[in-house]
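Morning, everyone. Please have the sequence and the model open while I talk. I'll keep this short.

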Amino acid sequence: MRPAHLPHSTSAAHRSADSPGFGRRSLLAGVAGAGAAALLGGAGTAAATTARGVRDPGTLLVESFPDAETERLRLATTYRGSDFIATGRYAPAGTRITVRVKALDGVLPTLHVGTFDNHPDNADLMTPRAVTLAQGDTTFSDAYGGPIHLRLPGNGKRAQVTFVQGAVRMPTFVLGGRDGTTEAQFQQQLDTFTDSLYVELSSPHALVTVTRANFLPYRGEDHTQLMETFEKIIASHAAVAGLDGSSALHRRKAGPYQFSEVPKVPAGVGAYATHYYNAFPPAYFDRLLTVQGLITRGWGLYHELGHLHQQFAYRPSGLTEVSVNIYSLAAQRVLGQPSNLLVPDATTGLTPFQSALPKLGTPGLAFATSFGAYEKLVSLRQLELAFGTGLWPKLHRLIRTENPQSDWATQDALRWTNFAVYTCRVTGYDLTGFFVDRWAYPIDAEGLDALAALHLPKPPVDPATLSD
(Lines give C-alpha, C1' and ligand atoms only; values in the text may rest on other atoms or scores of the structure.)
Protein backbone atom coordinates (compact mmCIF):
# COMPACT_ATOMS: atom_id res chain seq x y z
CA MET A 1 0.00 0.00 0.00
CA ARG A 2 1.27 3.47 -0.89
CA PRO A 3 0.02 6.93 0.10
CA ALA A 4 -2.01 8.87 -2.43
CA HIS A 5 -0.03 11.08 -4.78
CA LEU A 6 -0.25 14.79 -4.26
CA PRO A 7 1.25 17.19 -6.78
CA HIS A 8 4.48 18.94 -5.91
CA SER A 9 4.41 22.72 -5.95
CA THR A 10 6.55 24.79 -8.32
CA SER A 11 6.92 28.43 -7.47
CA ALA A 12 6.24 30.82 -10.29
CA ALA A 13 9.20 32.96 -11.28
CA HIS A 14 6.99 35.94 -12.03
CA ARG A 15 3.48 37.13 -11.39
CA SER A 16 1.90 40.16 -12.95
CA ALA A 17 1.14 43.24 -10.89
CA ASP A 18 -2.59 42.43 -10.87
CA SER A 19 -2.09 38.99 -9.30
CA PRO A 20 -4.46 38.00 -6.45
CA GLY A 21 -2.59 37.29 -3.48
CA PHE A 22 -3.37 20.73 -5.18
CA GLY A 23 -3.03 6.91 -3.06
CA ARG A 24 -2.97 3.72 -2.27
CA ARG A 25 -2.09 1.25 -5.08
CA SER A 26 -3.57 -1.97 -6.40
CA LEU A 27 -1.43 -4.20 -8.60
CA LEU A 28 -2.21 -6.41 -11.59
CA ALA A 29 -0.16 -9.60 -11.97
CA GLY A 30 -7.76 15.59 -24.36
CA VAL A 31 -10.32 17.14 -23.91
CA ALA A 32 -12.60 15.68 -21.30
CA GLY A 33 -16.32 15.66 -21.94
CA ALA A 34 -17.21 16.97 -18.49
CA GLY A 35 -14.39 19.49 -18.23
CA ALA A 36 -13.52 20.73 -21.64
CA ALA A 37 -10.44 22.62 -22.70
CA ALA A 38 -11.38 24.01 -26.10
CA LEU A 39 -8.42 25.18 -28.15
CA LEU A 40 -9.18 28.35 -30.00
CA GLY A 41 -7.82 27.41 -33.39
CA GLY A 42 -5.06 25.05 -34.54
CA ALA A 43 -5.07 21.88 -36.62
CA GLY A 44 -6.90 18.96 -35.11
CA THR A 45 -8.22 20.93 -32.14
CA ALA A 46 -11.45 22.55 -31.12
CA ALA A 47 -12.26 25.64 -33.12
CA ALA A 48 -13.86 28.12 -30.74
CA THR A 49 -13.45 31.88 -30.73
CA THR A 50 -12.73 34.47 -28.10
CA ALA A 51 -15.28 37.08 -27.08
CA ARG A 52 -13.81 39.38 -29.70
CA GLY A 53 -13.98 36.73 -32.39
CA VAL A 54 -10.19 36.52 -32.68
CA ARG A 55 -8.74 33.10 -33.42
CA ASP A 56 -5.77 32.45 -31.15
CA PRO A 57 -4.04 29.05 -31.55
CA GLY A 58 -2.40 29.45 -28.15
CA THR A 59 -5.59 29.96 -26.14
CA LEU A 60 -7.78 27.44 -24.32
CA LEU A 61 -11.22 27.94 -22.84
CA VAL A 62 -11.52 25.61 -19.84
CA GLU A 63 -14.61 24.80 -17.80
CA SER A 64 -14.57 23.56 -14.23
CA PHE A 65 -15.93 20.23 -13.04
CA PRO A 66 -15.92 18.47 -9.65
CA ASP A 67 -12.45 17.52 -8.44
CA ALA A 68 -11.24 13.96 -8.02
CA GLU A 69 -11.90 13.63 -4.29
CA THR A 70 -15.39 15.10 -4.59
CA GLU A 71 -16.17 12.53 -7.26
CA ARG A 72 -14.62 9.70 -5.25
CA LEU A 73 -16.89 10.51 -2.33
CA ARG A 74 -19.97 10.71 -4.56
CA LEU A 75 -19.20 7.43 -6.29
CA ALA A 76 -18.10 5.75 -3.01
CA THR A 77 -15.04 4.35 -4.77
CA THR A 78 -11.69 3.39 -3.26
CA TYR A 79 -9.61 5.47 -5.66
CA ARG A 80 -9.83 8.95 -7.09
CA GLY A 81 -10.07 9.14 -10.86
CA SER A 82 -8.28 11.77 -12.91
CA ASP A 83 -9.37 15.41 -12.90
CA PHE A 84 -6.76 16.62 -15.38
CA ILE A 85 -7.71 18.75 -18.36
CA ALA A 86 -5.59 18.21 -21.45
CA THR A 87 -3.91 21.26 -23.00
CA GLY A 88 -2.03 19.82 -25.96
CA ARG A 89 1.09 21.56 -24.63
CA TYR A 90 4.48 20.34 -23.42
CA ALA A 91 6.99 22.14 -21.18
CA PRO A 92 10.59 21.63 -22.32
CA ALA A 93 12.95 21.14 -19.39
CA GLY A 94 14.35 24.39 -17.97
CA THR A 95 12.44 26.62 -20.42
CA ARG A 96 10.80 29.83 -19.17
CA ILE A 97 7.09 29.57 -19.92
CA THR A 98 4.58 32.38 -19.69
CA VAL A 99 0.88 31.65 -19.26
CA ARG A 100 -1.83 34.31 -19.29
CA VAL A 101 -5.09 33.61 -17.47
CA LYS A 102 -8.38 35.44 -17.62
CA ALA A 103 -10.78 34.21 -14.92
CA LEU A 104 -14.06 34.69 -16.77
CA ASP A 105 -16.11 33.57 -13.76
CA GLY A 106 -13.72 34.44 -10.96
CA VAL A 107 -11.88 31.12 -10.63
CA LEU A 108 -8.28 30.30 -11.52
CA PRO A 109 -6.98 26.94 -12.70
CA THR A 110 -3.83 25.27 -11.43
CA LEU A 111 -1.22 24.13 -13.97
CA HIS A 112 0.64 20.82 -13.65
CA VAL A 113 3.84 19.74 -15.39
CA GLY A 114 4.85 16.10 -15.77
CA THR A 115 3.31 12.71 -15.07
CA PHE A 116 3.00 10.36 -12.10
CA ASP A 117 5.64 7.75 -11.25
CA ASN A 118 7.90 9.01 -14.01
CA HIS A 119 11.17 7.90 -12.42
CA PRO A 120 11.55 5.20 -9.75
CA ASP A 121 14.71 6.74 -8.29
CA ASN A 122 13.83 10.44 -8.23
CA ALA A 123 11.17 11.59 -5.75
CA ASP A 124 10.72 14.87 -7.66
CA LEU A 125 9.41 12.93 -10.64
CA MET A 126 6.88 10.79 -8.80
CA THR A 127 4.12 13.40 -9.10
CA PRO A 128 3.38 16.29 -11.47
CA ARG A 129 4.68 19.66 -10.30
CA ALA A 130 1.94 22.19 -9.55
CA VAL A 131 2.17 25.83 -10.66
CA THR A 132 -0.19 28.36 -9.09
CA LEU A 133 -1.53 30.62 -11.83
CA ALA A 134 -2.47 34.25 -11.30
CA GLN A 135 -4.93 36.51 -13.04
CA GLY A 136 -2.84 37.92 -15.87
CA ASP A 137 0.63 36.57 -16.61
CA THR A 138 2.53 33.86 -14.74
CA THR A 139 6.07 32.87 -15.76
CA PHE A 140 7.71 29.68 -14.54
CA SER A 141 10.15 27.00 -15.54
CA ASP A 142 10.29 23.31 -14.67
CA ALA A 143 13.64 21.57 -14.28
CA TYR A 144 12.41 18.29 -15.75
CA GLY A 145 9.72 19.27 -18.24
CA GLY A 146 6.74 17.22 -19.28
CA PRO A 147 3.13 17.33 -20.49
CA ILE A 148 1.09 20.29 -19.25
CA HIS A 149 -2.35 19.72 -17.74
CA LEU A 150 -4.77 21.96 -15.90
CA ARG A 151 -7.06 21.46 -12.94
CA LEU A 152 -10.12 23.64 -12.38
CA PRO A 153 -12.43 22.28 -9.65
CA GLY A 154 -15.99 23.53 -9.58
CA ASN A 155 -19.20 23.38 -11.53
CA GLY A 156 -19.17 25.03 -14.92
CA LYS A 157 -17.12 28.14 -14.20
CA ARG A 158 -14.80 29.16 -17.04
CA ALA A 159 -11.30 30.47 -17.45
CA GLN A 160 -9.33 31.48 -20.52
CA VAL A 161 -5.73 30.25 -20.63
CA THR A 162 -3.21 31.50 -23.18
CA PHE A 163 0.25 30.00 -23.65
CA VAL A 164 2.18 33.16 -24.43
CA GLN A 165 5.70 31.75 -24.79
CA GLY A 166 7.91 28.77 -24.00
CA ALA A 167 5.44 25.87 -24.12
CA VAL A 168 5.47 23.78 -27.31
CA ARG A 169 2.70 21.89 -29.05
CA MET A 170 2.30 18.23 -28.11
CA PRO A 171 0.94 15.79 -30.71
CA THR A 172 -2.63 15.20 -29.53
CA PHE A 173 -5.35 13.08 -31.10
CA VAL A 174 -8.88 14.15 -30.11
CA LEU A 175 -11.69 11.72 -30.92
CA GLY A 176 -14.52 12.73 -33.20
CA GLY A 177 -17.12 15.42 -33.22
CA ARG A 178 -16.82 18.92 -34.61
CA ASP A 179 -13.53 19.47 -32.79
CA GLY A 180 -11.96 16.08 -33.46
CA THR A 181 -8.61 15.34 -35.07
CA THR A 182 -8.39 13.53 -38.37
CA GLU A 183 -5.80 10.80 -38.74
CA ALA A 184 -3.98 12.89 -41.35
CA GLN A 185 -3.84 15.87 -39.00
CA PHE A 186 -2.52 13.70 -36.18
CA GLN A 187 0.16 12.16 -38.36
CA GLN A 188 1.21 15.65 -39.43
CA GLN A 189 1.45 16.67 -35.77
CA LEU A 190 3.71 13.68 -35.09
CA ASP A 191 6.00 14.83 -37.89
CA THR A 192 5.85 18.53 -36.94
CA PHE A 193 5.65 18.83 -33.14
CA THR A 194 8.92 17.02 -32.52
CA ASP A 195 10.05 19.18 -29.58
CA SER A 196 7.49 17.43 -27.37
CA LEU A 197 8.74 14.22 -25.77
CA TYR A 198 5.16 13.08 -25.14
CA VAL A 199 2.03 12.24 -27.14
CA GLU A 200 -1.58 12.21 -25.94
CA LEU A 201 -4.76 10.57 -27.20
CA SER A 202 -8.08 11.82 -25.84
CA SER A 203 -11.77 11.03 -26.02
CA PRO A 204 -14.69 12.13 -23.86
CA HIS A 205 -13.79 9.70 -21.07
CA ALA A 206 -10.15 8.72 -21.73
CA LEU A 207 -6.76 10.42 -21.74
CA VAL A 208 -3.77 8.35 -22.84
CA THR A 209 -0.38 9.92 -22.01
CA VAL A 210 2.78 8.24 -23.30
CA THR A 211 6.29 9.15 -24.40
CA ARG A 212 6.84 9.96 -28.04
CA ALA A 213 9.65 7.42 -28.41
CA ASN A 214 7.49 4.54 -27.20
CA PHE A 215 4.42 5.70 -29.12
CA LEU A 216 6.00 5.97 -32.56
CA PRO A 217 6.20 2.19 -33.22
CA TYR A 218 2.38 2.17 -33.03
CA ARG A 219 1.66 5.35 -34.98
CA GLY A 220 0.16 3.37 -37.88
CA GLU A 221 -2.94 2.38 -35.89
CA ASP A 222 -6.43 3.72 -36.63
CA HIS A 223 -6.64 6.12 -33.70
CA THR A 224 -10.32 6.84 -34.15
CA GLN A 225 -11.05 3.13 -33.75
CA LEU A 226 -8.59 2.88 -30.86
CA MET A 227 -10.22 5.67 -28.86
CA GLU A 228 -13.70 4.41 -29.72
CA THR A 229 -12.59 1.12 -28.19
CA PHE A 230 -11.48 2.94 -25.05
CA GLU A 231 -14.92 4.55 -24.90
CA LYS A 232 -16.64 1.14 -25.19
CA ILE A 233 -14.51 -0.30 -22.39
CA ILE A 234 -15.11 2.64 -20.07
CA ALA A 235 -18.83 2.58 -20.87
CA SER A 236 -18.95 -1.13 -19.99
CA HIS A 237 -17.46 -0.36 -16.58
CA ALA A 238 -19.85 2.55 -16.06
CA ALA A 239 -22.79 0.23 -16.83
CA VAL A 240 -21.64 -2.30 -14.22
CA ALA A 241 -21.27 0.58 -11.76
CA GLY A 242 -24.87 1.68 -12.38
CA LEU A 243 -23.81 5.09 -13.69
CA ASP A 244 -26.94 5.49 -15.76
CA GLY A 245 -27.58 9.21 -15.24
CA SER A 246 -30.91 8.50 -13.53
CA SER A 247 -29.99 11.16 -10.96
CA ALA A 248 -27.10 13.45 -10.13
CA LEU A 249 -25.83 10.79 -7.72
CA HIS A 250 -25.65 8.21 -10.50
CA ARG A 251 -24.10 10.25 -13.29
CA ARG A 252 -20.78 9.18 -14.80
CA LYS A 253 -17.53 10.47 -13.35
CA ALA A 254 -16.59 14.02 -14.29
CA GLY A 255 -13.38 14.25 -16.30
CA PRO A 256 -11.47 11.51 -18.10
CA TYR A 257 -9.81 8.35 -16.86
CA GLN A 258 -6.08 8.67 -17.45
CA PHE A 259 -3.90 5.85 -18.79
CA SER A 260 -0.23 6.78 -18.39
CA GLU A 261 3.14 5.35 -19.26
CA VAL A 262 5.51 4.52 -16.42
CA PRO A 263 9.10 3.39 -16.96
CA LYS A 264 9.00 0.63 -14.36
CA VAL A 265 6.52 -1.57 -12.49
CA PRO A 266 7.15 -3.83 -9.48
CA ALA A 267 8.52 -7.30 -10.18
CA GLY A 268 5.85 -9.69 -11.42
CA VAL A 269 3.40 -6.89 -12.18
CA GLY A 270 2.10 -6.06 -15.66
CA ALA A 271 0.35 -2.78 -14.79
CA TYR A 272 -1.23 -1.11 -11.78
CA ALA A 273 -3.97 1.19 -10.54
CA THR A 274 -3.68 4.01 -8.04
CA HIS A 275 -5.24 7.39 -7.33
CA TYR A 276 -5.75 9.46 -10.48
CA TYR A 277 -4.58 7.03 -13.17
CA ASN A 278 -3.78 3.55 -14.47
CA ALA A 279 -0.08 2.85 -15.10
CA PHE A 280 1.38 0.85 -17.99
CA PRO A 281 5.02 0.12 -18.87
CA PRO A 282 6.14 0.09 -22.52
CA ALA A 283 5.93 -3.72 -22.52
CA TYR A 284 2.13 -3.35 -22.38
CA PHE A 285 1.90 -0.97 -25.34
CA ASP A 286 1.10 -3.73 -27.84
CA ARG A 287 -2.28 -3.77 -26.06
CA LEU A 288 -2.62 -0.20 -24.84
CA LEU A 289 -1.91 1.38 -28.23
CA THR A 290 -3.24 -1.16 -30.76
CA VAL A 291 -6.84 -1.78 -31.67
CA GLN A 292 -6.61 -5.57 -31.88
CA GLY A 293 -4.43 -5.83 -28.80
CA LEU A 294 -6.85 -3.76 -26.74
CA ILE A 295 -9.85 -5.78 -27.95
CA THR A 296 -8.42 -9.29 -27.82
CA ARG A 297 -5.74 -9.10 -25.10
CA GLY A 298 -6.73 -6.08 -23.03
CA TRP A 299 -7.80 -7.90 -19.85
CA GLY A 300 -5.05 -6.15 -17.90
CA LEU A 301 -6.39 -2.72 -18.83
CA TYR A 302 -10.00 -3.75 -18.14
CA HIS A 303 -8.83 -5.02 -14.74
CA GLU A 304 -6.89 -1.90 -13.78
CA LEU A 305 -9.69 0.41 -14.89
CA GLY A 306 -12.01 -1.76 -12.82
CA HIS A 307 -10.05 -0.82 -9.70
CA LEU A 308 -11.02 2.81 -10.29
CA HIS A 309 -14.69 1.74 -10.24
CA GLN A 310 -14.57 -0.55 -7.18
CA GLN A 311 -16.58 0.68 -4.22
CA PHE A 312 -14.86 0.52 -0.86
CA ALA A 313 -17.85 -0.43 1.32
CA TYR A 314 -17.87 -4.07 0.17
CA ARG A 315 -14.26 -4.49 -0.91
CA PRO A 316 -12.48 -6.59 1.71
CA SER A 317 -8.84 -7.29 0.98
CA GLY A 318 -9.65 -10.87 -0.05
CA LEU A 319 -12.00 -9.67 -2.79
CA THR A 320 -9.92 -6.77 -4.12
CA GLU A 321 -8.40 -8.73 -7.01
CA VAL A 322 -11.58 -10.79 -7.55
CA SER A 323 -14.58 -8.44 -7.62
CA VAL A 324 -12.58 -6.06 -9.84
CA ASN A 325 -13.04 -8.57 -12.64
CA ILE A 326 -16.80 -8.20 -12.84
CA TYR A 327 -15.86 -5.12 -14.89
CA SER A 328 -13.31 -7.09 -16.92
CA LEU A 329 -15.92 -9.72 -17.84
CA ALA A 330 -18.33 -6.96 -18.86
CA ALA A 331 -15.70 -5.43 -21.16
CA GLN A 332 -15.12 -8.80 -22.81
CA ARG A 333 -18.85 -9.14 -23.45
CA VAL A 334 -19.13 -5.66 -24.93
CA LEU A 335 -16.14 -6.28 -27.19
CA GLY A 336 -17.47 -9.65 -28.34
CA GLN A 337 -14.63 -11.63 -26.78
CA PRO A 338 -14.85 -15.05 -25.09
CA SER A 339 -14.82 -15.06 -21.30
CA ASN A 340 -11.53 -15.75 -19.53
CA LEU A 341 -13.52 -18.14 -17.34
CA LEU A 342 -13.92 -20.43 -20.33
CA VAL A 343 -10.20 -20.63 -21.11
CA PRO A 344 -8.61 -23.95 -19.99
CA ASP A 345 -5.65 -23.78 -17.66
CA ALA A 346 -2.40 -24.57 -19.47
CA THR A 347 -1.39 -27.13 -16.83
CA THR A 348 -4.65 -28.86 -15.88
CA GLY A 349 -6.60 -28.41 -19.10
CA LEU A 350 -9.62 -27.39 -17.01
CA THR A 351 -11.55 -24.13 -17.12
CA PRO A 352 -11.99 -22.25 -13.83
CA PHE A 353 -15.56 -23.56 -13.67
CA GLN A 354 -14.41 -27.14 -14.12
CA SER A 355 -11.70 -26.92 -11.46
CA ALA A 356 -13.66 -24.88 -8.90
CA LEU A 357 -17.09 -26.53 -8.81
CA PRO A 358 -15.96 -29.96 -7.50
CA LYS A 359 -14.43 -28.21 -4.48
CA LEU A 360 -17.63 -26.47 -3.36
CA GLY A 361 -18.89 -27.50 0.04
CA THR A 362 -16.03 -29.91 0.74
CA PRO A 363 -14.55 -30.23 4.27
CA GLY A 364 -11.85 -27.74 5.22
CA LEU A 365 -12.66 -25.40 2.33
CA ALA A 366 -11.45 -21.78 2.71
CA PHE A 367 -12.21 -19.13 0.10
CA ALA A 368 -8.84 -17.44 0.54
CA THR A 369 -6.65 -20.52 0.12
CA SER A 370 -8.67 -23.21 -1.66
CA PHE A 371 -9.22 -21.36 -4.92
CA GLY A 372 -7.14 -19.56 -7.54
CA ALA A 373 -8.00 -16.04 -8.67
CA TYR A 374 -10.13 -17.10 -11.64
CA GLU A 375 -11.83 -19.82 -9.59
CA LYS A 376 -12.86 -17.18 -7.04
CA LEU A 377 -14.30 -15.11 -9.88
CA VAL A 378 -16.52 -18.07 -10.78
CA SER A 379 -18.53 -17.36 -7.61
CA LEU A 380 -19.39 -13.87 -8.87
CA ARG A 381 -20.18 -15.12 -12.35
CA GLN A 382 -22.57 -17.65 -10.81
CA LEU A 383 -24.43 -14.76 -9.18
CA GLU A 384 -24.73 -13.15 -12.61
CA LEU A 385 -26.03 -16.39 -14.09
CA ALA A 386 -28.60 -16.71 -11.33
CA PHE A 387 -29.80 -13.12 -11.09
CA GLY A 388 -28.56 -11.36 -14.22
CA THR A 389 -25.75 -8.87 -14.72
CA GLY A 390 -28.15 -6.15 -13.57
CA LEU A 391 -27.47 -7.08 -9.96
CA TRP A 392 -24.16 -5.18 -10.01
CA PRO A 393 -25.62 -1.82 -11.12
CA LYS A 394 -28.29 -2.19 -8.40
CA LEU A 395 -25.59 -2.91 -5.83
CA HIS A 396 -23.51 0.12 -6.84
CA ARG A 397 -26.51 2.45 -6.77
CA LEU A 398 -27.61 1.17 -3.36
CA ILE A 399 -24.13 1.73 -1.93
CA ARG A 400 -24.02 5.27 -3.32
CA THR A 401 -27.42 5.96 -1.80
CA GLU A 402 -26.79 4.50 1.68
CA ASN A 403 -23.03 5.22 1.81
CA PRO A 404 -21.99 2.70 4.49
CA GLN A 405 -18.64 3.46 6.11
CA SER A 406 -15.80 1.28 7.42
CA ASP A 407 -12.23 1.70 8.60
CA TRP A 408 -9.59 0.30 6.26
CA ALA A 409 -7.30 -1.02 8.99
CA THR A 410 -9.78 -2.58 11.40
CA GLN A 411 -13.05 -3.42 9.65
CA ASP A 412 -12.21 -5.86 6.86
CA ALA A 413 -14.75 -8.32 8.32
CA LEU A 414 -17.44 -5.67 8.03
CA ARG A 415 -16.77 -5.33 4.30
CA TRP A 416 -17.15 -9.11 3.87
CA THR A 417 -20.48 -8.79 5.64
CA ASN A 418 -21.45 -5.80 3.53
CA PHE A 419 -20.78 -7.71 0.33
CA ALA A 420 -22.97 -10.62 1.41
CA VAL A 421 -25.75 -8.53 2.97
CA TYR A 422 -26.04 -5.98 0.15
CA THR A 423 -25.94 -8.72 -2.51
CA CYS A 424 -28.78 -10.50 -0.71
CA ARG A 425 -30.73 -7.27 -0.54
CA VAL A 426 -30.44 -6.52 -4.26
CA THR A 427 -31.31 -10.10 -5.28
CA GLY A 428 -34.06 -10.48 -2.70
CA TYR A 429 -32.79 -13.90 -1.54
CA ASP A 430 -30.92 -15.38 1.40
CA LEU A 431 -27.58 -16.42 -0.07
CA THR A 432 -25.98 -17.56 3.18
CA GLY A 433 -25.75 -21.12 1.90
CA PHE A 434 -24.07 -19.97 -1.30
CA PHE A 435 -21.51 -17.70 0.36
CA VAL A 436 -20.74 -19.66 3.52
CA ASP A 437 -21.62 -23.32 2.97
CA ARG A 438 -20.68 -23.66 -0.68
CA TRP A 439 -17.88 -21.12 -1.30
CA ALA A 440 -16.59 -20.71 2.27
CA TYR A 441 -16.58 -16.91 2.23
CA PRO A 442 -15.16 -15.76 5.60
CA ILE A 443 -18.38 -14.28 6.99
CA ASP A 444 -18.03 -13.92 10.78
CA ALA A 445 -20.72 -14.43 13.45
CA GLU A 446 -21.89 -10.83 13.25
CA GLY A 447 -22.20 -11.18 9.51
CA LEU A 448 -24.26 -14.36 9.86
CA ASP A 449 -26.57 -12.58 12.27
CA ALA A 450 -26.95 -9.69 9.81
CA LEU A 451 -27.84 -12.11 7.02
CA ALA A 452 -30.38 -13.90 9.21
CA ALA A 453 -31.94 -10.59 10.21
CA LEU A 454 -32.91 -9.93 6.58
CA HIS A 455 -35.51 -12.74 6.75
CA LEU A 456 -35.22 -13.41 3.03
CA PRO A 457 -36.35 -16.59 1.25
CA LYS A 458 -33.92 -19.13 -0.18
CA PRO A 459 -33.26 -18.73 -3.94
CA PRO A 460 -35.34 -20.99 -6.20
CA VAL A 461 -32.14 -22.25 -7.84
CA ASP A 462 -28.79 -22.75 -6.07
CA PRO A 463 -26.39 -20.38 -7.87
CA ALA A 464 -23.50 -22.68 -6.96
CA THR A 465 -24.79 -25.24 -9.48
CA LEU A 466 -24.63 -22.86 -12.45
CA SER A 467 -21.90 -22.54 -15.09
CA ASP A 468 -21.35 -20.96 -18.49
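First, the ground rules. This is a predicted model, so local features need pLDDT of at least 70 and side-chain atom pairs count only at pLDDT 80 or more, while totals for chains, interfaces and linings use all residues. Residues are numbered from 1 along each chain as its sequence is written, and side-chain values use heavy atoms, with hydrogens and water left out. Helices are DSSP runs of H or I, at least four residues, numbered from the N terminus.

Now the pair. Two packed helices are described by the angle between their axes and the distance between the axes. Take H9, residues 325–334, and H12, residues 373–387. Their axes come within 10 Å and cross at roughly 60 degrees. An axis here is a line fitted to C-alpha atoms over the stretch in contact, and angles run from 0 to 180 degrees between N-to-C directions. So H9 is oblique to H12.

Which residues make the contact? From H9, Asn325, Ile326, Leu329 and Arg333. From H12, Leu377, Leu380, Arg381 and Glu384. Contact means heavy atoms within 4.5 Å.

Next, H14, residues 412–427. Its 16 residues reach 23 Å from first C-alpha to last, close to the 22 Å expected at 1.5 Å a residue. That expected span is 1.5 Å times one less than the number of residues. Is H14 mostly covered or uncovered? Covered: 12 of its 16 residues are buried. Buried means under 20% relative accessible area, with a 1.4 Å probe and protein chains only. Trp416, Phe419 and Tyr422 are among the buried ones. The cover includes H11, H12, H13, H15 and H16. Just after H14, glycine 428 takes a positive phi of about 85 degrees.

Last, two residues. Methionine 227 is in H4, residues 223–240. It counts as buried because its relative accessibility is 0%. Leaving aside neighbours within four places in sequence, its contacts include Phe173, Leu201 and Val208.

Tryptophan 299 is in H7, residues 299–307. It is buried too, at 11%. Not counting residues up to four places away, tryptophan 299 touches Asn325, Leu329 and Leu377, among others.

Notes: Helices (H or I, at least four residues) and strands (E, at least two) are DSSP runs, numbered from the N terminus. Angles under 35 degrees count as roughly parallel, over 145 as roughly antiparallel, 65 to 115 as roughly perpendicular and the rest as oblique. Buried means under 20% relative accessible area, exposed over 50%, partly exposed in between (1.4 Å probe, protein chains only).
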